[in-house]
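Let's look at how two parts of one protein chain sit against each other. Have the sequence and the 3D view ready as you read.

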Amino acid sequence: MRLAIQQLTEEPSCDHNQKKTAEQKKNACKKPTPGATAGGCAFDGAQIVLVPIADAAHIIHGPMTCTGQSYNNRGTRTDKGSFHQYGFTTDLSELDIVFGAEKKLKESVRYVVEKFSPKAVFIYSTCVTAMSGEDIGAVSKEMQEELKVPVIPVDSPGFSGSKNLGNKFAGFSLINHVIGTREPEKIPMFPINLIGEYNIAGELYQVEPLFEELGITLFSKMTGNAGYDEICHAHRSKLSVVICSQALISLARQMKDKYEIPFMEGSFYGMGETRKTLVKIAENLGSDILKKRAEELCDRKEKETYEKLAPYLPILKGKRVLVYTGGVKSWSVLNQLEELGMEVVKSSTRKSTEDDIARILEYFEGNEDGLMPKGDGKTILNLMKQYDAHLLLAGGRNMYNAMKGKVPFVDVNQERHFAFAGYDGTLELARRLVYTLTSPVFEVTTRPAPWEVSFG
Amino acid sequence: MVKIIEKPLAVNPLKKSQIMGAITAFLGMHRVMPLVHGAQGCMAFTKNFLTQHFREVTPMQSTAVFDIATIIGDDSNLHQGIANVIDKQNPDFIGLVTTGMTEVRGDDMKGSMFRFREKYPQYAETPVVSVTTPDFKGDAETGFASAVSATLAALLPIEPVRDYRTRKLINILAGMHLNAADIDWIRRVFEDFGLEVIVLPDISSSMGGQVTRFYTLPEEGTTIDMIHRMAQADFTIAIGGCMEQAADILLEKCCIPYKKFDSLTGITYSDELISWLMDYTGRPVPKWLKVQRQRGVDALLDAHFSFGGKVFSIAAEPDLLYSLGNFITREMGIKLECAVTTARSGAFEELEAENIIMGDLGDLEEYSKKSDFILANSNAVPMCHRTHQPLYKIGFPIKDQFGHFHRAFVGYAGVMQLAFDIGNICLSLDIEKSH
Ligand code: SF4
């Protein structure tokens with residue numbers, strides 16, 4: 001068991017490491033600084049990827065923090081089941097830890113299968129159970145045989161790394177235990193895997209109709225609005241499309257090695273990116289007709305969307321935005337904002353790979369001033385002032401920082417309630433931007449109180 | 001009799017870990033940095049959780065213990081974490097919270113702090129209050145109570161100087177079940193009886209929205225000077241069973257007598273408090289309080305038509321469970337079908353209920369079939385969707401509602417609020433039924 005964890009943690013914890021020398025690696029992938037960290041643990045990352053599979057039960061093997069403070073808090077939407085809202089945990093006590101809790105875990109799996117009949121069960125190890133050497137792999141195997149339900153171990157102790165690494169652990173579990181375990185009844189004409197899209201606030205629902213119209217089947221979604229079964233037959237897809245996730249490229253790469261499924265990256269943030277992605281998918285599927293259809297679809301959609309955007313664009317034109325979001329999202333969001341006529345004054349490069357940074361730089365025409373390193377709420381608010389920015393676009397973590405600074409804000413975080421993908425999403429984003437920018441709240445709340453006004 | 005349902009795992013936990021409770025307590029203190037000793041996920045989850053609950057910036061940090069460090073078990077992460085927090089934020093003190101992982105690893109916090117003090121004399125100015133809060137024991141309320149106790153144990157002056165001019169100083173130990181509006185009500189009542197109060201912890205002032213500028217440390221809660229001055233108080237009022245342990249520390253260290261209120265919710269408990277204040281101060285009752293009592297009474301009378309024959313179930317940490325459960329059963333006359341809680345403390349075992357269960361929301365779902373409505377946190381939303389029972393949101397977390405922190409549940413203000421809120425739920429049920 002210990003060994004397994006070691007193997008996993010020895011993998012480079014971020015992809016942007018791979019091209020670098022050992023020395024560079026050390027610098028680029030610094031461990032979090034004690035007393036100055038942000039961001040979740042590997043276990044959190046594993047859950048982000050797997051919990052959207054809502055017809056499977058997710059049992060967390062550990063004491064209470066890992067579940068008690070985290071369950072029922074994902075922005076993912078699904079019509080396949082409701083287990084994404086459930087928290088199942090072995091809730092270990094001191095005695096369990098001293099005497100071992102594998103028996104308890106087995107009973108838990110039996111209980112959940114009997115009572116809730118999930119399609120599958122995922123078991124997560126956490127810091128404490130990984131340290132005390134609980135063998136979730138063996139338990140999974142035994143239970144799967146006994147109960148005739150797939151039981152999948154996810155080795156994801158929080159101390160092994162960041163959320164990003166946890167995403168990979170999840171991918172590792174999928175490729176080793178799920179993908180390829182079942183054959184589909186029939187294979188459609190253009191089956192693809194969509195990887196790294198979690199249907200946050202219903203973003204998948206915004207792009208799904210586009211695929212439908214093109215005749216492309218989202219054969220296996222990983223994992224937004226996915227049922228367990230569809231992931232099992234992912235190996236029969238003709239193409240993997242990785243959306244906004246560096247961490248899951250490793251999964252796509254493994255699928256290529258194992259099943260010879262080519263993969264590509266894409267994004268649905270913004271009309272330009274949506275077009276690029278759809279056309280590239282059509283190209284990769286090797287169909288000229290499909291490509292032509294995709295182009296026509298995008299032409300039509302763009303025209304429609306611009307018509308609907310008409311009332312908003314004049315308000316957004318020339319407004320300055322500070323973007324503080326992670327990874328791939330940052331460059332695709334930049335383009336999306338540009339389409340709306342806005343100007344990005346600075347963008348964070350947090351969790352970004354070199355490719356991502358290159359793309360952000362492209363936006364700023366090579367001017368490194370546009371890049372903004374990691375910073376806390378204070379840095380962000382100061383930069384807002386310095387650049388006279390009108391609006392902050394960031395994750396929920398910074399939402400209340402923005403409100404303390406009384407600056408307009410749009411949330412692009414996991415728990416948000418609004419979806420920003422594809423054409424409908426661009427329209428939604430425009431609306432949200434306009435609503436916050438034109439809210440009378442900011443004028444009213446920045447006025448001095450009567451006793452703060454000096455006369456004379 | 002308290003039941004424990006035989007099942008191997010928790011289904012939809014009601015329990016939050018001690019870490020969350022301890023951090024919440026620290027957030028009610030001025031310029032303290034809660035520092036979680038463990039891998040960074042525990043802090044990140046808790047921060048996310050509390051930020052959504054309070055809709056406020058919730059400063060906290062982690063020692064970010066990582067793989068290798070986990071196995072070797074040295075204290076470099078801890079030391080570096082403390083040093084970095086002092087360098088960056090310079091808090092008035094640090095609230096150091098342990099996790100299951102560091103407890104299993106057997107980290108010796110006392111020894112480690114000793115080595116820290118030896119190694120870094122430059123940080124001697126900043127006190128570190130260390131709390132043991134493994135998440136395989138206790139619940140949020142015990143974590144909260146431990147943090148308050150540890151703060152007092154560490155920061156109260158060793159030989160308090162009694163200052164007889166401060167005769168009218170009262171310590172209020174505010175349990176985790178209190179909302180901002182509760183703390184405000186209590187403070188105002190005591191002050192209007194001519195007393196000076198120090199509230200510990202004061203999450204009303206820090207997390208109630210009155211700090212409108214940007215901050216990196218919680219502000220306007222109980223200051224370290226106030227905590228020092230608590231040693232000079234004449235009396236302590238502990239609100240909630242879990243605060244007794246802290247009151248004991250004040251008694252033992254500073255000879256301050258105390259009175260514990262298991263609840264301040266409902267007419268009976270409110271009257272008890274006001275009687276005590278009248279006796280203690282010999283002062284007349286302020287007019288606004290008299291008016292408020294009349295309004296509370298009137299609200300109960302008006303709403304009682306819809307209370308009759310109703311049944312409810314409730315899930316919460318012990319102190320909140322008792323406060324609300326007791327008021328709704330004994331003073332509203334609504335039957336309690338099932339009460340679910342997370343730890344064995346406080347007075348909740350006195351509740352008249354068909355079932356009192358140490359358990360989770362899964363148990364609540366199973367044992368509340370006859371209930372007309374449910375009281376629980378926002379994690380019960382999916383359950384209430386399934387069962388079509390109205391949910392009145394209480395406790396932690398409430399993520400999908402504004403203003404929950406500014407509802408008063410204590411005193412006559414609380415009587416009125418609850419009579420209206422519960423009354424409205426019952427009234428809608430009656431109206432629905434008759435159509
Ligand atoms: S850091 Fe470890 S103990 Fe904490 S939440 Fe993550 S997995 Fe659980």
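In chain A, 25 residues of domain 2 are in contact with 25 residues of domain 3, where contact means heavy atoms within 4.5 Å. This is a predicted model, in which local features need pLDDT of at least 70, side-chain atom pairs count only at pLDDT 80 or more, and totals for chains, interfaces and linings use all residues. Residues are numbered from 1 along each chain as its sequence is written, chains are lettered from A and ligands numbered from 1 in the order in which they are written, and side-chain values use heavy atoms, with hydrogens and water left out.

| Domain of chain A | Residues |
|---|---|
| Domain 1 | 28-167 |
| Domain 2 | 191-308 |
| Domain 3 | 313-444 |

The centres of domain 2 and domain 3 of chain A, taken over C-alpha atoms, are 25 Å apart. Together these two domains of chain A bury about 2,100 Å², 62% of it on carbon and sulfur atoms; buried area is the accessible area (1.4 Å probe) that two parts lose on being put together, summed over both. On the domain 2 side, Ile200(A), Gln206(A) and Tyr269(A) supply 28% of the area buried against domain 3 of chain A, more than any other three residues.

How many salt bridges cross the interface of domain 2 and domain 3 of chain A? The rule finds 1, a salt bridge being a side-chain nitrogen of Lys or Arg within 4 Å of a carboxyl oxygen of Asp or Glu. Arg416(A) forms a salt bridge with Glu203(A), with 2.8 Å between the closest N and O atoms.

Terms used:
Domain bounds come from an automatic or database domain assignment.
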